[in-house]
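Reader: Hey, I'm new to reading protein structures. Can you walk me through this one?

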Amino acid sequence: MNNSLSHREEEDLMINVRSLEEENRRLREQLCGYSIIFERSLDAIVIFNKNGEFVEVNEAACQLFEMDKGELVGKSFTLFLDLVPPDILAFQQSMLHKFGSFSDELLIKLANGKIKHIEFSMKKDAFNHFDLAIMRDISARKALERERIINEFLFKDVFNRAVDSIIIFDEFGRFIDVNPAFCMSLNLEKAKLLNLSFQQFVAPECKDDFVQLLVELKEKGTAKGELSFIRFDGTVKMFELTMTSNVYSGFYMAIMRDVTEKKNMEIKLQKSEERFRAMFEQAHEAILIWNDYGHIVNANPAASRTFELPLNLLTRRNLLDFIDYRDEKAHHVFELFRKTGEIRDELTFHMPNGEDKQLEFTMKQGVIDGFHLAIFRNVTERRKMEKELQESEQKFRSIFDHSMNGILLWGEGYRILDANPIACEIFQATKQQLIHEPFVHWVPEKEQKVFYKLIKQCEQFGKAYAEMTLLTNKGEQRTVEISLKREIIPNVGMMMLRDVTERKELEWQLRKSDTLNVVGELAAGIAHEIRNPMTALKGFIQLLQGSISEDYSMYFDVIMSELKRIESIITEFLVLAKPQAIQYQQNDVCKIMKDTIDLISAQAMMHNVQIIPDFAEDLPYIYCEPNQLKQVFINILKNAIEVMPKGGEIQVGIQRVDRQSIRVSVKDQGCGIPQDKIKKLGEPFYTTKERGTGLGLMVSYKIIEEHQGKIDVESEVGIGTTFHITLPIERTEKEGDHEARIQCL
């Protein structure tokens, strides 16, 4: 079959083809335009399928969801709706199904965790059962709206809570609104202030300034200045204010800060700066102001004098020019200053004229506009004087410590401030025990009147001297010469001490020895003078006794007894004279004492006195003259009997003291002897008895001394007395002992 077309049909066919091609071209162009609009739209365009999955998205949608197209297509829209409550989501879906289109706002949460606020419009079945959604990111707008709301709230909050005064006013200065701070500043309620204006408070001298501020405010929209307000109670308040125009319905706003205290402080600061300037210029100490590099930027006249340079030249110099920075101390000082920010020290500074000065200084960092401050004081002369004073003090200390006399320094209340070693020896105490103690602590109670009299004399004449008894730390008494000097330095006095205890003892011994010599010479002379007449008297009495027939034997017995007593006294006198030729032999002192007790027991019984012996066993013999010892024992026992007129006991003990000596003790129950009288026992003609001569004890002391022994006496008034006689076992030969002694007549 032949299918060829006619010419007409071919032409119609060609026209149809061309028409279809034209329609295709137009559709392609239209599709291209839609495609360009789709891709370049600023809003996100998304096509969803019935399951809510992304089918097609434009570039804006990719930017909105911050994902590539390939990642986004195929994902469900519900993945981004975690922040939307289910009931809200259900409501929006129902509205879309009901009306076929719906517009609203949503919060979406992106895969990277970012949250965006979007505005969307959806159309159901927009393309062959596909839904179309157009979305726009309104996060920024929402943030601005939120910020505006917050700002409005904050403005009100700040307006009411602000510390500074805030005023809303009109172009004539009338108050439209004021905050509580302004009410408090003017001490008025808000209701009263809203009926008033600036002009009613501005001080007269500031009214022109206020008018100028209003003009500037209207021209420029803002103005700044200072105003003084006079409150209704007459007090003045000064404010710094900033004005702004058209803040609210064409009104103006002024923020005012109360600077009354600040202005007062500025006035005080100005005065302080003036005082500082005056002090800076007039100060006696050198003051330098310098920077981090040591360059001097300012100096006062005193600094010019100290550093030996005119001010114009001094301010061109560097502080380090005046020191040897290589010196270890100088380097250390400045390093420490950099670390701590301040320092106080002393260095040697080299002046331009070649002079070296020792300057004491205080430095502080950044105290004046970031510059450092240094204050100097020339201590060259003071250091020289201190050195001389130190040398002087060392000399004084040397003299003080090595003086042969005791030296005390005393202060207020005569408290001891210092003591040298000799003073410590005198008081048998350490320096620590003496210091801070009042001197009267070392003065016996009976001597304190003398001490206070000495103090009074020192205060009156500046010095005083006395000899008195002082106590040692061990309770012993020492005789001390005291010399006081008031205030050798302010509030410090000096006391010189010299221990004369041994010297006084030697003087007493010397006086006693001299007295004994005199008594001995007197005794020898008296014995010679009396003995010759006595011999004649005895002879003639014996002749007379034989020639008289009558019986006067009783009288002759009395006469002969008294003559023998006189002869006995003469014999005791002779003992006090030059030593007799005595033959010392070893003897048993216990036997000598027993013989003495037997001899005197009859007298003891007559006075109702019992003698109780207590002798140690195996006592060694001693070298002695038995008759002389017996005389000593008789004298002491007789004294013990006589001091007990109502009777009592005498305890006689003999015991060994050590390898060299034994001790004989005779203890009575008599009335006792006062301490001040014990030292006088043994002195010539000193006795405690009414009719005694004192010769008995004096002879006893003499005999024991010849035997190289000693007598010690212990006594307590009302209790009794004990005589301790210490005798050596072996006698030590002294120079002259081997020479023959003269037998006294």
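Predicted model: local features only at pLDDT ≥ 70, side-chain atom pairs only at ≥ 80, totals over all residues.

Reader: Why does Val55 count as partly exposed?

Author: Val55 counts as partly exposed because its relative accessibility is 30%, and that label covers values between the buried cut-off of 20% and the exposed cut-off of 50%.

Reader: Switching topic: what's a disulfide, and how many does the structure hold?

Author: A disulfide is a covalent bond between the sulfur atoms of two cysteines. This structure holds zero disulfides.

Reader: What about Cys62 and Cys206, buried or exposed?

Author: Cys62 is buried, with a relative accessible area of 8%. Cys206 also counts as buried, at 8% relative accessibility.

Reader: OK, helices now. What does helix α9 look like in numbers?

Author: Helix α9 runs over residues 260-282, so to speak 23 residues in a row. From its first C-alpha to its last, helix α9 reaches 32 Å, close to the 33 Å expected at 1.5 Å a residue.

Reader: Which residues of α9 are buried?

Author: The buried residues of α9 are Thr260, Lys263 and Phe280.

Reader: What is Lys263 in contact with, beyond its neighbours within four places in sequence?

Author: Leaving those neighbours aside, Lys263 is in contact with Glu226 and Met238. Met238 is 25 residues away from Lys263 along the chain, and their C-alpha atoms are separated by 7.7 Å.

Reader: Let's talk charges. Why can side chains pair up at all?

Author: Side chains of opposite charge can pair when their charged atoms come close. This structure holds 27 salt bridges.

Reader: Can you show me one? What does Asp345 meet in a salt bridge?

Author: Asp345 meets Lys329, at 3.6 Å from N to O. This pair links distant parts of the chain, 16 residues apart: Asp345 is in strand β13 (residues 342-350) and Lys329 is in helix α12 (residues 328-340). Asp345 is partly exposed at 26% relative accessibility, and Lys329 is partly exposed at 40%.

Reader: And what's the partner of Lys364?

Author: Lys364 forms a salt bridge with Glu342, at 3.4 Å from N to O. Lys364 lies in strand β14 (residues 356-368) and Glu342 in strand β13, so the pair ties together parts that are 22 residues apart in sequence. Lys364 counts as partly exposed at 37%, and Glu342 is partly exposed at 45%.

Reader: How about Lys431, which residue does it form a salt bridge with?

Author: Lys431 pairs with Asp418, the closest N and O atoms being 3.4 Å apart. Lys431 is partly exposed at 29%, whereas Asp418 counts as buried at 10%.

Reader: Which residues do salt bridges that share partners join into one network?

Author: That network is made of Glu105, Glu119, Arg141 and Lys142.

Reader: Last one: where is Arg731, and is it buried or exposed?

Author: Arg731 sits in the segment after β27 (720-728). Arg731 is buried, with a relative accessible area of 17%. The C-alpha atoms of Arg731 and Gln660 are separated by 9.5 Å, and the two residues are 71 residues apart along the chain.

Note on methods. Residues numbered from 1 in each chain as written. Heavy atoms only, no water. Buried < 20%, exposed > 50% of the residue type's maximum accessible area, 1.4 Å probe, protein only. Disulfide = S-S within 2.5 Å. Helix = DSSP H or I, 4+ residues; strand = E, 2+ residues; numbered from the N terminus. Expected span 1.5 Å × (residues − 1). Contact = heavy atoms within 4.5 Å. Salt bridge = Lys/Arg side-chain N within 4 Å of Asp/Glu carboxyl O.
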